[in-house]
Each structure stands twice: as C-alpha cells, then as structure tokens.
Amino acid sequence: MRRATCVALWTAATLLITQTPALGDFGARVELGADADAADGTVACMYPMTGRGATYGRDSIHGIQVALDRLAEEPGAPRLRVIIEDSRSKASFAVRMAEDFVQREGAEILCGIVSSGVGRAVSQFARDNETILVGTDHASSRLTLEEGHRHYFRVSSDTWYSHAAGARYLQEMQERTGWRTLAFLGPDYEYGRVAWRDLRTSLEQLGVDYEQAGTYWPRLYEPDYSLYIQALLESPPDILVTGLWGGDFNAFVQQARTTRLFEVMTVANFDAGGNYDTLVSFGALAPQGLILSARHHVNWPDTERNRHFVQAFHDKTGTYPSYAAVGAYTGIIAIARATSQAGTIGDTEAMIDALRGLELPLPTDPPGHTSYIDPETHQIVQAQAIGSPREDDAFPPARVLLGDWRVYEAESLKPSAAVLQRRRGPTADASP
Amino acid sequence: MTPRTSLVGKYTVLSLVLILSAVTGLSIIYARFSDTLIERLSGERLEAQLAGTANRVSAFIANRIYQLEILSSHPAMPLYVADGMEVPEGIAELVRVEADSPDLYGILFFDGGNSLVNLVPGQAASGAPYWQGDPWSMAGLPRTEYGRTEIIGPHVPDDGEPGFVIIRQRLRSLPGMEDPGSVGLHVRLAAITERVRLEDLAGATRTYLRTPNGNLLTPAGHPLRDVPKGLREGPEILPGWRIDYEIEAGHILNPLRTAQLGMYALAAATGIGLVAVFWRLARSLRRRVDQLVTGADALAGGDLQYRLGVQDQRWDEIDVLAHGFNSMANRLQQMMNRTIQSEKMAVLGEFATGVAHEVRNPLGTIKLTVQALGRKEPDQRRRELLNDVEDEIDRLNRVVSDLLTYGRASAGDPSCFEIRTAFRKATTLVEPESRERGVDINASGDSRLCIHANPEQVVQSLVNLLINAIQASQEDDIIRLRASTEGAFVRIDVTDHGCGMEPATRERVTDPFYTTRADGTGLGLSITRQLVLLNGGQLTLTSEAGEGTTVTVHLPRCIPGEPTSLHL
C-alpha cells in the first residue's frame, strides 16, 4: 500500500513536470534531450535541487544541457533522453528513486549524485541490479577502490587524486616553510572520512614528516562552525586541511574570516575549495593563505576546449560553471561516446567494455593530456592543479580566481598497484 | 625644622594620602566589578544555561530512544537478525528512512549473542563497520542501562577517526524466537558533544561531557588529557553521563588583574617618586630658605652689603623672594647712605655756616686794612707782599663761599629749558680759561633736548665739570660736551683726554675736600654732584689713568609746555 502510494505520487510528479524548465528554476523533476519515443536511450540522474547542495544540482543540469547541445550538433551522435530528479541528498530517497528509474522509467544508465554517502548507497543498488551508474560529482575514492564494481564508473576526480596532489603540494610546501603540524576538518560522512584517509595515505607514501594536531568532524550541512573554529584557535596547527565542500565550506570561511584563524594557520582545501561559487562568495578579497583546488577551474587550463565550455555554459545560463557542471557534462558525453562504441545503450556489458578505457577530451585536460577512464578502477584519470586566490575579475561576479598554479600530472597521481592491493584486499581482483 | 612642621613634608604626606585614597577607591571598585562579573558569568544564569544544555542533550537522546522504540517494537525487525530471512522492501525502506539522518552512522542489528549481524548505513555512514575490512568491536565500551535502553560507549575518537555511541534496545520477541536480538542506533559522538556547548558569548564557561568510563569530552568530541583545575560537576543526563564545567574567567579577568597590578605598581612608583621628589625639594628649599634666613640675619646685624645669590636662569618663588630681599637690601642701603649723607651735610653745613660767619667778617676787615696799607706803602717790595696777602684773603673768601654753597645747597626752582642754553652759557663762562690753556670745547648732540632742572644750578654744574676738564687737559686737547636721550633722562657727557685717574682716586674724587691739586678746595665735584642730585639727576664718572675722564650727568628730560611727569 505504502509502495503503491509512493509510486502514484511519483507518476503524478512526472506527468506534471516534463518540459525543459526555465534556467535556474528547476522543479523536483526535469527531462532533457530527446523524447521518450525518439530517444536511443534513457539516462536517469539524481542531483540535489533543494538545500545546501542545490547549486550543485542546478549547475549539473546546466552542464547536461551543454552536453546535449553539443551532441545535437554532431551527426550520428546518440539521442539521449535525460531524466533528472531531486535526490534531496538522502540515500533512502535516492535508492528508491534509482529503483523506480530502472524499473518504471526504463532507464538504462543511472548518473549524477553529489553526496558520497548517497552515491555509495546507489552504487550498491547499481551493483545488485547490474545497472551502470556513472558518477559525476561524488568523490569518495572507496567507490572505485574498495567498493568498486563492474557497473560503477566515475567521470570526475575523486578524493584520491585531489589529495594525492594535495599531499605533493604540502610536501613541497614543507620544504619551503618547514611546517610541522596538520589538522583535518571534514564532514562526518563517507566523503570526509575517505578524504582524510586518502590524504594520510599519500603523505605517508611521500614520507612527509608531520604531527597530527587533531581531527574535527562536524556533520554534513552543519550550519555553525564556531565550535570547531574555537577548538582550532585554541590549539592551532600549521596547516588545516579541510574536506568541507559547497555551502559548508563557504559557511566555514565566512565564519572563520571573522576570527584570527586565517592569520594563525594555513588553510587548504584540495578537492572542492576552489569551486567557482566559493570564489564568488569570497567577495573582493579572499582570506589570506588559502590553498585551493577543485575538479574544474574556469581559468585553468587555458585551452580552447575549456574556454569554449565555460563560454557555452555562460551563454546558456548567464553565469560561470562550478565543477559540478563539468562532471555532469562529462557524464553525458561519456555515456554518448560509449553508446556509439557499444552500438546500443541497452547492452550493458558492451557499454561497460566501451566505458573502460574510454578516452574523453575534456575541458579539464591540460595540453598533452586526454582524460580517460581507468579500466582497472573505472575512475577517470585527470591532472590536478592547485592554486591560491588572487584578484581577478575576468569571470564576474567572482572578483578573485585561483592563480599561482602547481600542476600535477594525471599519471603521477594514480593509485599504485600496492595501494590498490591494500585498499581492495589481498583476494580482490585487479579490476572491479 | 621637623617633617611635621615642614611645609614640604605636609605636602608630601597629603599627596601620599591622596594617592593611597585613589588606589584604595579604585581597588574597591575593581573588586566589586570583578565580583559582579564572576557572579554574572557563574551565577544563576549559568545554572539556567547548564540546565538548558542538559535538556538539549537529554532531548537528543530521548529522540533517539523514541526512534529506537519504533524500530525495536516493530514486529518485522527480527527479520534483520534471523538467519536466511528476507526483509520486505517496505520494511527495508522504513529502516533506510530512519537511518537517513546526518547524526547517524547507521542502524545496527545484533543477535542474541550480541554479535553484529546486519546493518543499514545512515547518512553519516563511514568507517567500520560499514567499510569492510576495518576492525570494529564494542568490547570494552562502558554500558549504561537506562530503562529498557542500553547506552554503549562512548567510543572516543581514535587515530583521527571520530567517536560514536550505540543506543540499543532489545527487539520484540516473535513467536518461537527465544531471543530475537537487539537493534542499535550508531550515533555520532560529536552529535552529543556538540550539544554540550554552552551559548556563552564571553567564553568564560567551558563545558565537558563526562562519560561513564571517566572520559571528559570537549564539545568537539575530543577527550581531554588533563582534568582542568576547578572542574565543577554539572547536571546528570544519564547514569554516569554528566555535564561538567569550569569557569575560566581568566582570559576576561586577566587583563583586568594585570591592569590592577599595573595600577598598584604605578601608584607605588608614583608614591616613591613623590617622596623622592619632595625630599629633594625639601633639601633644596631648606638650603635656600637657610640662605634667606642668613641674609636676613646679616642685614639685621648691620651688614648692608650682604646680598643673596640668585641664578638668572631660574625664576621660582624663592628666587622672587631672594630678588625681593636683595632689592630691599639695596633700597635700605641707599636710604641709609642718603640718611648718613644728609646728616653729614647738615653737620657740615652748620659747621661751614658758623665758620663762614666767624671767618668772613674778619677777613673783610683784614682785606680793607691790607688794601689801605698797600695804597700808602711806598716800598715796592712790601706793596707786592701786601698784594699777595690780599690774593690769599680772596682765595680764603672763595673757600668760605664754597663752604657756604656746599653747606646750604638746596634745589632751585626747576624749569624746562633747552640744554643748548646751558651749554652756551657754560662754555662762554669757561672760555677765558680754556683759551688760556689752549683747549677747545666741542658741544654736540641734539641741541633741542630740554631738561627739567634749575637752569643756574645746571650751568654751575657744567662750569665746574668743564673747568675740571680744562685743568686736566693739555694744550690743543679737545673737550667734548655731548647731549643725548636715555629713557626719561637727558644724558650729558663731559669728556676730556687728559691725565685721567687711578681707581683709588676715582673712588674718592666726589668726596668733599678731596683734591689732587695744590690750589683746589676739593669741593667743586662734590658740589656738582650735590646739585645734580638736588635736580633729580645722577652723576657718574668713568676714568682711565692716562686716557682721560668722562663725567656723565643724567637729568630729567622734558618737553616744553607739557607736564614733566609725563616724560619721566
């Protein structure tokens, strides 16, 4: 009875909202691309459209639109129908949503998901239901390492890559400044915990000698960080690495900049801190000493492909893209390319074969590198760039952008065979 | 002089009393202020806040227990524990929704032997037991019974991983099932400790969560290594779970205490400095007052020459007093000198008048007799002797006239007249003598200057001075007579380039009857000075032996037709 009610409500919502929405005004469900009758396949994506993660959902949908526009210009490209619904950042909701996408909507591919906790739950569903899930935003490296499986692929950098680059940056910084103590502040859920582990592992591999000065675990979407800021100020580390992202990181910075925190420690956020919306939130002046990166930058790499993507996004939305947009864009392009290679989107095994090792020239690629999906881990392999905020109004309303880049080649960041072995266990196969 | 009678000592004591009063007053105000501050920080408001904090934590746990009640009493829950039993999707969805909270790692199911047999990840699910391969155990964790609920833990943060608490209840038994096991909520420890934080803007009160295993957890969820001094017991939340707190007003009061100590130090330094300054001042003052007393004693003893030493750079009250003392001594000395001089003059005048009367009449008789004898004397030689006697009688008459002039000197009627008139008359009168000596007299200066004095006495004075100058000059010398303005006076300089005077002579040259010439009476310059003084002027004299002499006369200046006092 309960299930029947839920399905009825679901169907009603689907019937009510089926048209492409006005930009920036998404409802609970959005349909993009080809009509159901004309489509070569259906891709069902889950993004938060309400709450603190809503900006990620909004930019992801715009990114999908840019990808579909590009595919529409290519003769012979598969015509995809993309359904997007609000996951509300809840695993229970998203799992049920995924189940209905597959069983009721006939979706061949699942995609999206911002929260790693939600991504993990849906990944387990995808594994159990043998449905391909293309992750576009969530970043816990466990999903491709410990819990990786045949049906799971990720097309945005994960915590391993970003924190492997971060560890290299910290190593170089230690040679310059001699910093000794490091603390970590991360959201207490899958993503934060894995980010901390990945950073520690990378620092250990590099032989960086440091003292752990505390770990702080506020909950995801914590509205008030004063407790943790106070604790950090009472025992300040040399370096604070934070795994906060999106609105959480913005809220933390806004609160911390009213204190001496940025004066007494260097704050680094290697995975999401350099996101465009965060740079906008800094206003005219970023707090001092920040070290930031993100999975995409509007001003790096300075390639035609990146400039074209950023401009296309801006033309469509009137604003510049966050990294979530590039992830969603990449997800749709990857599915389209794999569909073309597999011949049909409905052949899951052929699609898996096509996705494994798939090369994707992307806006995030610096000259000389083409992103590809690692056939072993199903994780996209991309270079990482870490920088510091500086005044730059080339992409308004942001008044600061990252600069002073340190770039780390993609291949040098891949987890070693030993790490794979350790993370997956001695009995695990080399590939999921 | 003792400190009790010393004015400086009294000022010192008064200043110290004022400083001590001010410091004491400020200390009292500070003590009352800090007491009020501490009272506000730790008074009844704190108790209310602690109670509120305890309610927040209790409510959170109560909500979890309520959530657990729903699960533990649900008849389908044992399916999660039972071997080989499939959980209906509706039930699984219910449990997933219950688990989907940011404060829950997940929902754990235990069999009758307390072994973890199933779990449903929550929104915060991470680490063991959700991550396979990570060791996880509840062994060694404290257990608190609270009704039919069991609180297991806390497992404190370890190796950088966050801590947790398990809130567990036994599952409702199913028919044929002896022990269906239990269900537990795997709760973030920070979700509890965060609620222990006190909303204390001053930051003076720190709260901690005391757990059954004795740990003291900070609001950030970290165990405290050292128990703070002055830790106080707060309200109990559950058996063995308590909110302890400390009032750490140091960071608020320390600056005040530092300021208080600084104030004491400043007051002490000021007191010491004050005593030192007053001590020095007293010494200096006493030394200088002693000088005043010595001067006064000397003056009283008749030493009118005694003067106090005054430094020109300083001009404090004692200096003013010393200047006043010296001025008083000067005036006293002048007054005494004038009195003595007046008395001398009076005596001398009386004497001279007596002598003149007694001498002049016989001299007249003698002169008439000598003249008669001379006219009848045929002997040329005797007649010349009689002429010499007559000349000596004339000289004696002049001396007697001078004596009378000196003894009866009085100021004539003053008038305002041009100095050039006096210059012209005087030079005319001395012209025969100057021509005889071959000496020129050169008058210069502003001839229109007018003086207020008796014209005859001025002319007489000038004649006396010019005659002295002529007699001191050599042939072809020039005597300069010059008039100029000096303040309210006309200055008249009579300068010769004659033999000049030795200092000893210069000191006495105005004394009556003192003369360096054989035929002088020693009264000319004395009479001149007396006449100048009688006309409100002054006579001074500078002279260098072999260089010449300048006699300077100051007489009151005037403008014809205007009251004289306006120009004085």
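Me: Let's begin with two domains of chain B: how much area do domain 2 and domain 3 of chain B bury between them?
Reply: Buried area is the accessible area, found with a 1.4 Å probe, that two parts lose on being put together, summed over both. Domain 2 and domain 3 of chain B bury about 560 Å² between them, and 69% of it lies on carbon and sulfur atoms. M345(B), L348(B) and D402(B) supply 56% of the area that domain 2 of chain B buries against domain 3 of chain B, more than any other three residues.

Me: What should I know about the model itself before going on?
Reply: This is a predicted model, in which local features need pLDDT of at least 70, side-chain atom pairs count only at pLDDT 80 or more, and totals for chains, interfaces and linings use all residues. Residues are numbered from 1 along each chain as its sequence is written, chains are lettered from A and ligands numbered from 1 in the order in which they are written, and side-chain values use heavy atoms, with hydrogens and water left out.

Me: Where do the domains of chain B run?
Reply: Domain bounds come from an automatic or database domain assignment. For chain B it gives domain 1 (7-39 + 252-297), domain 2 (317-404) and domain 3 (411-567). The centres of domain 2 and domain 3 of chain B, taken over C-alpha atoms, are 20 Å apart.

Me: How many salt bridges are there between domain 2 and domain 3 of chain B?
Reply: A salt bridge is a side-chain nitrogen of Lys or Arg within 4 Å of a carboxyl oxygen of Asp or Glu. Between domain 2 and domain 3 of chain B the count is zero. Helix 6 (317-376) and helix 7 (380-407) of chain B each supply at least two residues of the side of domain 2 that touches domain 3; helices (H or I, at least four residues) and strands (E, at least two) are DSSP runs, numbered from the N terminus.

Me: And how many salt bridges does the rule find between domain 1 and domain 2 of chain A?
Reply: Here the rule finds four salt bridges. E190(A) forms a salt bridge with R120(A), their closest N and O atoms being 3.7 Å apart. The area buried between domain 1 and domain 2 of chain A is about 2,900 Å², with carbon and sulfur atoms giving 58%. R52(A), Y320(A) and Y323(A) supply 27% of the area that domain 1 of chain A buries against domain 2 of chain A, more than any other three residues.

Me: How many residues of these two domains of chain A are in contact?
Reply: Contact means heavy atoms within 4.5 Å. 38 residues of domain 1 of chain A are in contact with 35 residues of domain 2 of chain A. The centres of these domains, taken over C-alpha atoms, are separated by 27 Å.

Me: Let's look at one residue: why does N118(B) count as partly exposed?
Reply: Buried means under 20% relative accessible area, exposed over 50%, and partly exposed in between (1.4 Å probe, protein chains only). N118(B) counts as partly exposed because its relative accessibility is 27%. N118(B) sits in strand 2 (residues 116-121) of chain B.

Me: Which residues does N118(B) touch?
Reply: Leaving out residues up to four places away in sequence, N118(B) touches Y80(B), I107(B), L108(B) and F109(B). The side chain of N118(B) reaches the backbone oxygen of Y80(B) at 3.2 Å.

Key:
Polar contact = N/O pair within 3.5 Å; in protein donor to acceptor, adjacent residues only side chain to side chain.
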